Structures are given as structure tokens and as C-alpha cells.
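Please open the model in a viewer and keep the sequence panel at hand.

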Amino acid sequence: MTLRIEDYALIGDLQTAALVGKDGSIDWLCLPRFDSAACFAAILGGEDNGHWRLAPKGAGPCTSRGYLGDSLVLESVWDTPTGTVKITDFMPQRERTPDVMRIVEGVSGSVEMEGVLRLRFDYGSVVPWMRRADGHRVAVAGPDAVWLRSEPQVKTWGQQFSTISSFTVGAGEQVAFVLTWHPSHQRMSQLVDPFDALKGSLRDWHDWARRCSTEGPYREAVVRSLITLKALTYGPTGGIVAAPTTSLPEELGGVRNWDYRFCWLRDATLTLGALLEAGYQEEAAAWRDWLLRAVAGDPADLQIMYGLAGERRLPETELPWLAGYAGSTPVRTGNAAVKQLQLDVYGEVLDSLFLAREAGLPSERHAWYLQLSLLGFLESKWREPDEGLWEVRGPRRHFTHSKVMAWVAADRAVRTLESDPTLRGDVRRWRAMRDEVHREVCEKAYDPARNTFTQYYGSAELDAATLLIPRVGFLPPDDPRVIGTVDAVRAELGTPGGLVRRYSTSGVTVDGLPGDEGAFLACSFWLADALRMTGRGKEARELFERLLALRSDVGLLAEEYDPVSGRQLGNFPQAFSHIALVTTALALSREENAG
């Protein structure tokens, strides 16, 4: 039976990540990078598309599970009729090659264990050649080689293109399995001791988590979200992927299935703000530096997303041999939205770099020249329609959020020049642009009859992105137009439980796609923020705590939530959701401390 999306937990090594199900099966893993082809893709098809299950023989889901303290080390416990056993899953931060480590430990009694390893390279389509070497199982196919070993050695055998293991553990006994990937044309690197690696991983994560400067009632949720964001960071470059998965659906059985294993510029400002306020200057600086490298070049060529190292070509392809999660097809790799015009990203980049400067991150003069170049391009383009924040695959529109973020770009340039007159730039020019954008948005995007900003010029539809208007400073929170917009979004895009959708998907949709989707979790956190800013602190806190209750048993959030079925939807775990959680939690804590 297909596990729910929230039945998976995340492990990773800051270069890739795996999803471990409650049943003890690793059903998603890309090696050696987040965006590499998966060798375990069962979550998007079935067991024949690759997985690694390790659990008591004949057992179902684990009895309990959780991360060990503030870490990404997962411990799952099974209580069986003959005894209790636990499995510790983790990926140590690598020196050269990635390792997946699984340590089985008997807690009481005696438990018979069974392991099934089905390696299927290239997203579940390639069965490798298996052989034995030096007591290890070795799988090779094309560029990929994977070694499986155990300590102490456990008997394994081949069966139906799988590697099977069977053994018994008693109280206090331990058996460790290590799965190691390396390029098939290279020699296997030096073996890593799994028990030492476990101690090192726990130490590394706990040391990192202790740097969090956040206190207050939501510290646990904030730290878990920050650990998740750290796990979604590609260590060599500092880029943060939107999610470690592709094609987990926004509607079960639907077509809204996208590849999120890339770095989106739209996440930049919120991520920087969250990292800086929580005390992670080094990570914020790495993300800022990735951003500067990625956007360097002709401003006309600015993309909405990039690869882990700033790669620009992310061609979208469908994988027809995968049946999709819960029958949701197509399964896609790459993302065609990379070629879209989304004018809001210019504002997000300039806002991010403004925030970094304000926070005291060291900056170089060339970074300011790059910002002026981006702003000069935006000055000539902001009046045009675009695909907008939500990457619609329908016609271009004059999206309100895109125009507001053009205002943000000009506003941050003005404020930067006012605070540092030694910088080059024509402050009067950018003030004029800021004023013109503001005037046009208030005239063309605002519906006075309903007292709300709409999704795009001339539209009757609403957009949850307009909840950000007071946060970015476009209008003050007590402006009647802001209050009216918050109330309208809440009423027209609201779902049972008080969450909100991004926009309406009924009738003729702006995004050009069939089907529906769930409540968008980041937007629901934005609603909590907007309620707080408009003086409704009690309602904001109640909504925030309802959102916290939607997290999985290990504290993770996908992109969306279906309030009817009570299930998480979309790629998992989702950086945007966790960034929004941290931002809202910090704001509520600040208000509580101030009051």
C-alpha cells in the first residue's frame, strides 16, 4: 500500500537526501547529488523501481520513530511479539563519496530481521550487474557503482534481481549496513566505520543546532525547520533546493507534478531573513554568495531558478516508465518554468542583497553594480505582463505581486543610496520609478468595490501573494486596503481549518492546468503573519498553532495540505513551507517579547 507523503522522514549529507518510510523502506534516493538520477524511485512507481527495506520479518509500520535530539539521525522502533528492535538511519557528511548507514540494534528479546535491496539506476529503469568483491555486494551500471557491506558480516543472496538478507538480533546486539556510491570508473574509497560515523553525525548536528539564537515557545519547531533547511543545502555551493524530490503531486491522481530539486530565487529573501535572525550568519552568507554567482551576467538572462551550482539548463522531461505517486502522472525531471519571465525575481534579488547589507554581511562593490544593472533592466520591463510568482502555464498577465516586487526593487535601491551616499546611482531616478509603480498598482490592481487587491490587473480573482503587501512595505498594515485584502483572501481562498489556497483553481484557471490542488502551506503562514500585522494577534497565533499541528510526526511539511483527506501534498519536505514557518514563528515570538 502506498505510504502517505508525511509517512516519510528525511536523512541527508548536505549534498543529497533520502526518504525513509515508516515501514523501514528507503523509497527515494538520488546519488551523488540532489538532482542526480534516483537509484531508489519506488515512491514514484513501485518496489521494482528501486528501494531498500530493512525491518522485522513480516512487520508493518514501525511502532514509533523520531530524530535523535536536534539532528537528522532517524531512529525507528518496532515492538514485535518476540522483542523490540530499533534501526538508526543517517547519512554522514561526506569526505569523498556518499554513504547511507543503517544500524540495527536489539533492545529486548530476539527479533528476526529481513532486508531487501533493489537498486534501480536512472530513476528505476536500469537493473545493475551484481557481483561479490572482498565480502561486499557490488552493483554496477554505466557510470554508477554501489557497494553494500555489513558489520558484522550478514549472509546475503540474490533473488529476483534483488539482494536479500536475513538475520536475528538479540538485546544489545548491533548490525550495521553501509551503502556507498562512487563513479564506476574509480576505485572504491576508504571505508568509513558506521559506529564512529554515527557519533560524529550526532555531534555535528547538535553543535550546529546549538548555534540557533531563537528562544520562546516555538523554539523546537524553529530548530527542526532550520535543520531541514540545512539538510536541503548543497554544501559545496551554498545553494538551497526547494525540495529533494520530484513529481510528488499537488493533487492525488493529477498532473500538477513538478521537479523541485533546484534553487529558486523567490526563496532568497525569506531564507536570508530566517537564517540571519536565527543566528546563522555563515549559512546566510553562503546563500547570498550563491545568489550573486547565479545571477551574474546579462540582466535579460536572469532566471527564476538555477541548478545546485548555478547551472542554467534544466530541460523538462517526462519518465513514462514510472506510474507516479498514487497514480499521479506524468513524472517529470527538469523544469520548463526555468524559461519563464517572472518579474518578481528582480525584486526578490535586490531585497535579499539589501537585507544582507543591513545585517552587516561583508559586501563587495561589484555586487552593487550588479544590482544597478538588474534594476536598469527592470526599469524597462516592469510594465510588461509575465508568468508571475506561481509559474502559471497559461497566458502572461499583469500580476499584482510581480508589480509590487518591482516597487520593492526600486525602494531597496533608494534606501541603499540614502544610507550610503558614496555608492554610485541616481536616487531620483529610482524614486521616480518607485512612485510610478506604486501609483499604477493602486490604480489598476485594486478593486474599490470589494476593497481588495486582485490577482492581476482587471481580474476579479484573488491571490494569496497579496498578503505580502504589508510585509514588504508597499502599504502599512493599518491601511484599509491591506485589511480588506487580508479579509477577502481569507474569505474567498480559505479552506476548512482556516488555511488558504494560492488562488482559485475552479472554472477557467489562470495557470492553464486541469485539476485542483490543496491549501498552500506557505500562504497559510503568510495569512498568520498578515493577521498579526493587522492587529489580530490571537487569531494569528491560533492559525499558526493549527499549522504546526499539520507537521508530520517528525516535524516535516510538504508544499500543500488537503483539508478534506487530511493529507500532505506536493514535494517533500518543502523549503518554502519551512522558511515560512520559521519567519512566522520568529515574528510571533518578537511580538510576545515586546508585549
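**First stop: the largest pocket**

Select Thr 269, Leu 270, Asp 351, Leu 355 and Arg 471, which lie nearest the centre of the largest pocket, a site lined by 31 residues. Here a pocket is, on a 1 Å grid over the protein atoms alone, an open set of points where a 1.4 Å probe fits, with protein on both sides within 12 Å along at least five of seven lines; lining residues have an atom within 4 Å of a point. The model is a predicted one, in which local features need pLDDT of at least 70 and side-chain atom pairs count only at pLDDT 80 or more, while totals for chains, interfaces and linings use all residues. Residues are numbered from 1 along each chain as its sequence is written, and side-chain values use heavy atoms, with hydrogens and water left out.

Next, colour the elements that give two or more residues to the lining of the largest pocket: helix 4 (268-277), helix 6 (344-358), helix 8 (400-419), helix 10 (469-472), helix 12 (521-533) and helix 14 (575-594). Helices (H or I, at least four residues) and strands (E, at least two) are DSSP runs, numbered from the N terminus. Helix 4 supplies the largest share of this lining, 6 residues. The volume of the largest pocket is about 690 Å³, a volume being the space filled by probe spheres set on grid points that are joined across faces, edges and corners. By class, its lining has 16 nonpolar, 4 polar and 11 charged residues; Ala, Val, Leu, Ile, Met, Phe, Trp, Tyr, Cys and Pro count as nonpolar, Asp, Glu, Lys and Arg as charged, and the others, Gly among them, as polar.

**Second stop: the second largest pocket**

The second largest pocket has a volume of about 370 Å³. To find it, select Gln 93, Arg 94, Glu 95, Asp 99 and Val 192, the closest to its centre of the 20 residues that line it. The classes here are 5 nonpolar, 7 polar and 8 charged residues.

Select strand 10 (residues 129-133), which is joined to strand 11 by 5 bridges in an antiparallel arrangement; two strands pair if DSSP finds at least two bridges between them. Trp 129 stands opposite Val 140 in strand 11. The two strands form a hairpin with 2 residues between them, and Asp 134 in the turn has a positive phi of about 55 degrees.

Strand 11 (residues 136-141) also pairs with strand 12, in the antiparallel sense and over 5 bridges. On this side, the bridge partner of Val 140 is Ala 145. Look next at Gly 142, in the turn of the hairpin that strands 11 and 12 form, where phi is positive at about 60 degrees.

**Last stop: strands 15, 13 and 14**

From strand 12, follow 8 bridges to strand 15 (residues 174-183), which runs antiparallel to it; Glu 151 stands opposite Ala 176 there. Finally, select strand 14 (residues 162-170), joined by 4 antiparallel bridges to strand 13 (residues 156-159). Thr 156 stands opposite Ser 165.
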